[in-house]
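Okay, thanks for coming, everyone.

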Amino acid sequence: MDLHFFYSLIDKVLHFQAHKHNLKNVLDNSSSVLTYDENGYNDYQDILDAFSDIKDTAYKDAGQMLLDNIQDGNARTGFAMAGWNPRRNDMKAQAVEWWNWDCESAASPEASSFIFGVAAENLTFNQFGDNNHMVIDPRGYSTVIEGEASSFLHKEVQDRRLWLNTQVTDITHSKKGVQITNKDGSCISAAYAICTFSLGVLQNDVVQFHPSLPRWKQTAIQKFSMGTYTKIFLQFDEAFWPSNTSHFLYASPTTRGFYPIFQSLSSDGFLPGSNILFVTVVGEQAYRVERQSDEKTKAEVLAVLREMFPDKHVPEPTAFVYPRWNNEPWAYGSYSNWPVGTTLEMHQNLRANVDRLWFAGEATSASYFGFLHGAWYEGRDTGEHIAAILQNRCSTTYGEVTCGDRTHYDVLHGTTPKDAYTGINGWPLNSTNL
């Protein structure tokens, strides 16, 4: 069976679209998990249960901190204050933590905002339900996009409103309009434009802006982080893993996040009989496997599987493939993450327009960054906002009536007031002379 199928998660907002376009998907039960270490099966379900209880407490704490405007910390601090503080060499606890945080955020607890990281997850699952669904349709999730596009694009001839395989190299913007220049030399002029490049593309200066984006905009772009989420697929002649379980959590004895979670696609409801298994890595481990050869990665994954299943024969796979998101010039990563200590005003600078150039995408969604529905809402609302401007009226976004440009902040101040920089707080009185 071809391994080149697509994986995505559907929330209730887009479930209608999946139903509308007959996109085949199945409930992904992440609670169906067995635990392993370097010696094979090792039941540490008690650690999973303990973290689950602490996670509930931590998430309530984060919500209250947001309501009370308490200074943000990273997720590591938030979990510690809720009672989760595993030793660095407790690799089973590290694996459990990775499964519950890194696997969602594509970033470590140290690198993630506690308040906003929790808020995005809380808002998503509280509003749209607890269930994730996996797309197993061989047509891929693009079926939804293609289906929606077909409702207004002409099918008979190439519709010039849609340019495929066209790389943008330069964007000239002003208060009068926007001009797009492509690699093939073609140009497009418009009264307004919406930039939906990924945060990774913006951070890597792939597109040149004329004039350069203002400092407040460039700072916001560089402030947020782009995570990488890499799935490595293996197909075998036959399945050697338990058939009644979906997920297999592995605790490496030395390295946190080293091929930690495997998932079977060979079970009923997914792709039965496919004998496909995939393993997920994120962050630094994703960068590492992207830099090395397929053969080296395959050898590492097989070594882990042979530790997990010492009583089984783990053969060479018949097929092996994984993407390299950081090498994709239209992506440079998978999705964004909200770094610790980053304010809502800083994020507003990320989503604010510059002249008639507007911005949208999952990264510009304050409430749903990192999620598909974040991109959906931001694209819809930005389009509606520009339409309102062209029609000389105000628009309503998230319950707020707005007219004209989005707010941005030329200067962002610290959270410590000036009068707190005193000797009482351990700050030298003559520091202002530096």
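Predicted model: local features only at pLDDT ≥ 70, side-chain atom pairs only at ≥ 80, totals over all residues.

Numbering starts from 1 along each chain as its sequence is written, and side-chain values use heavy atoms, with hydrogens and water left out.

So, the overall picture. We have 12 helices and 19 strands; helices (H or I, at least four residues) and strands (E, at least two) are DSSP runs, numbered from the N terminus. Along the principal axes, the C-alpha atoms fill a box of roughly 75 × 70 × 40 Å.

How much of it is buried? Of the 434 residues, 49% are, where buried means under 20% relative accessible area, exposed over 50%, and partly exposed in between, with a 1.4 Å probe and protein chains only. As for contacts, meaning heavy atoms within 4.5 Å, take those with a separation of 6 or more: 71% come from residues 24 or more positions apart.

Now the sheet. Seven strands make an open sheet, running β3-β2-β12-β13-β14-β11-β15, with mixed pairing. Two strands pair if DSSP finds at least two bridges between them. At the edges you'll see β3 (40-41) and β15 (319-321), each with a single partner strand, so one side of each has no neighbour in the sheet. At the β3 end, β2 (residues 33-37) pairs with β3 in the antiparallel sense over two bridges, and tyrosine 36 sits opposite tyrosine 41.

Let's stop at β13 for a moment. Which way do its residues point? In β13 (residues 261-264), Ile261 and Gln263 go one way, Phe262 and Ser264 go the other, and all are buried. Then there are the partners: β12 (residues 247-250) is antiparallel to β13 over three bridges, with histidine 247 facing glutamine 263. β14 (residues 276-282) is also antiparallel to β13, over four bridges, and there isoleucine 261 lies opposite threonine 280.

Follow the chain into the loop between β13 and β14, and you come to serine 267. Serine 267 is buried, at a relative accessible area of 13%. Leaving aside neighbours within four places in sequence, serine 267 touches Ser243 and Pro272. Leucine 271 is in the loop between β13 and β14 too, and is buried at 14%. Here's one to find on screen: leucine 271 and isoleucine 136 are 135 residues apart in sequence, yet 7.5 Å apart in space, C-alpha to C-alpha.

Last stop, helix α11 (residues 344-351). Six of its eight residues are buried, so the helix is largely enclosed by the rest of the structure. The buried ones are Met346, His347, Gln348, Asn349, Leu350 and Arg351. What covers them? The cover includes α7 (199-203), α8 (215-223), β17 (357-359) and α12 (372-390).

That's my tour, so over to you.
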